[in-house]
Amino acid sequence: MRQDNNTESDEKLVSRVGAGDRQAFRVLAARHGMRYRMLAYRFTKNMAQAEDLAQEAFVKLWTHADRFDAGKAKFTTWFHRLVVNRCLDEKRKRHYEALPENFDKADPSLSAEAVLEQVDDRQKLSVAVGTLSERQKTAVTLSYFEGLSNQEAADVMDLNIKAYESLLVRSRAKMRQVLMAEKDELLAALG
Amino acid sequence: MVDAMNRDQFEEYLSLYGADITCWPLDMQKSGHAFASTVGGKNLMEAEAQLVALLEEGLHRDAALSTGRNADSFMHRLQEIPAPHPQEKQRPPGFLATLQGFFRSLDIEVSPIALVSQAAMFVVVLGLGVMLGLGGQMETQIASPPSGIDNQVPEVDISAEWFAVTDANVDGQGAIGPLGGSQGGEQRS
């Protein structure tokens with residue numbers, strides 16, 4: 001992968017991209033490509049689809065760069081919104097949820113001990129996040145996996161900060177409840 | 001005396017500030033510690049610790065995933081995007097957008113629908129005003145024609161000749177001229 005030695009800000013680079021500067025686009029793509037591929041993966045749980053969605057977003061960055069207004073938002077906030085919206089659109093189009101890659105469903109016929117071994121951390125998290133609404137999932141992804149500040153995440157979701165924090169509190173409370181319920185079930189299964 | 005904290009409040013602070021109660025607002029720490037020592041509080045603290053561990057573990061797993069799996073070919077595809085995709089230039093903003101931008105610069109949020117309806121009302125009121133004004137002026141002119149002009153210029157009835165021709169055709173005796181003279185007799189002789 002190429003190293004990004006360019007110290008120019010994202011916002012300046014986007015304005016150069018708007019003027020047709022291919023080199024500025026390449027710098028931006030090298031700087032943020034992997035991050036947004038991962039963001040799309042968190043929504044789709046499918047790397048090939050995530051790459052396609054991230055690529056579409058970068059195509060839009062190249063073709064519509066002049067729509068970015070540096071006075072209104074940071075580049076990353078704008079682009080997060082672009083990728084998240086594209087991912088959510090794609091999810092809405094699909095009526096069914098594809099199972100995540102390498103997903104192994106727990107066999108109900110297994111003993112409680114075996115279930116305990118099989119239900120690893122990844123599945124626990126996946127189950128907990130799976131109970132959230134789409135908006136709650138987006139909030140959790142932006143805050144806990146993307147590392148955005150609450151204000152940045154609120155901007156991406158077009159919410160005011162209070163509404164966003166409230167959404168996050170509810171999401172976290174719901175995930176905790178799922179984990180507690182899961183623990184209770186396992187304890188009950190073990191007798 | 002510190003008010004006792006209920007479960008909902010405890011969950012809210014747990015989500016906002018984390019499981020370390022010493023990081024909570026000072027006035028809530030005592031009641032927070034009190035609730036955390038109950039069975040319900042302990043369960044919530046345990047679940048919170050597990051959730052934090054799971055989220056961190058998920059973050060590390062994602063970081064490992066992000067560098068593998070065709071990362072180079074993906075980056076190469078991104079670098080090649082400009083060649084086959086022409087850039088689209090944004091059209092200059094229309095009149096309404098410009099007007100909206102002007103109001104926005106004054107910190108006044110106006111929707112395009114509001115602008116259009118206000119403009120329509122303005123045109124209607126202006127039109128009514130102009131029509132009423134013109135109507136009043138015409139009535140004034142009819143009621144009192146300007147003095148001096150009326151006496152010097154004779155009124156001309158441009159339809160008088162038409163009626164004269166019609167009369168001639170009806171009685172068969174020739175047309176009567178516009179000033180009343182008979183032209184039919186002269187034509188016959």
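Student: What is the handedness of the crossing where α2(A) passes α4(B)?

Tutor: The model is predicted. In it, α2(A) passes α4(B) in a right-handed crossing.

Student: Which residues make the contact between α2(A) and α4(B)?

Tutor: From α2(A), they are A:Arg26, A:Ala29, A:Ala30, A:Gly33, A:Met34 and A:Arg37. From α4(B), they are B:Ala71, B:Phe74, B:Met75, B:Leu78 and B:Gln79. By class, the contact has 7 nonpolar, 2 polar and 2 charged residues.

Student: How many helices and strands does chain A have?

Tutor: Chain A has 9 helices and 0 strands. Its pattern along the sequence is α-α-α-α-α-α-α-α-α. Of its 191 residues, 35% are buried. Take the contacts in chain A with a separation of 6 or more: 60% are between residues 24 or more positions apart.

Student: Where is A:Thr76 placed, and why does A:Thr76 count as partly exposed?

Tutor: A:Thr76 lies in helix α4 of chain A, residues 75–93. Burial needs 20 or more C-beta neighbours within 10 Å, and 12 or fewer means exposed. A:Thr76 has 17 inside 10 Å, so it counts as partly exposed. A:Val156 is 80 residues away along the chain, yet the two C-alpha atoms are separated by 9.2 Å.

Definitions and conventions: Residues numbered from 1 in each chain as written. Chains lettered and ligands numbered in written order. Predicted model: local features only at pLDDT ≥ 70, side-chain atom pairs only at ≥ 80, totals over all residues. Helix = DSSP H or I, 4+ residues; strand = E, 2+ residues; numbered from the N terminus. Contact = placed C-beta atoms within 7 Å. Left-handed = near helix turned anticlockwise from the far one by under 90°. Nonpolar A, V, L, I, M, F, W, Y, C, P; charged D, E, K, R; others polar.
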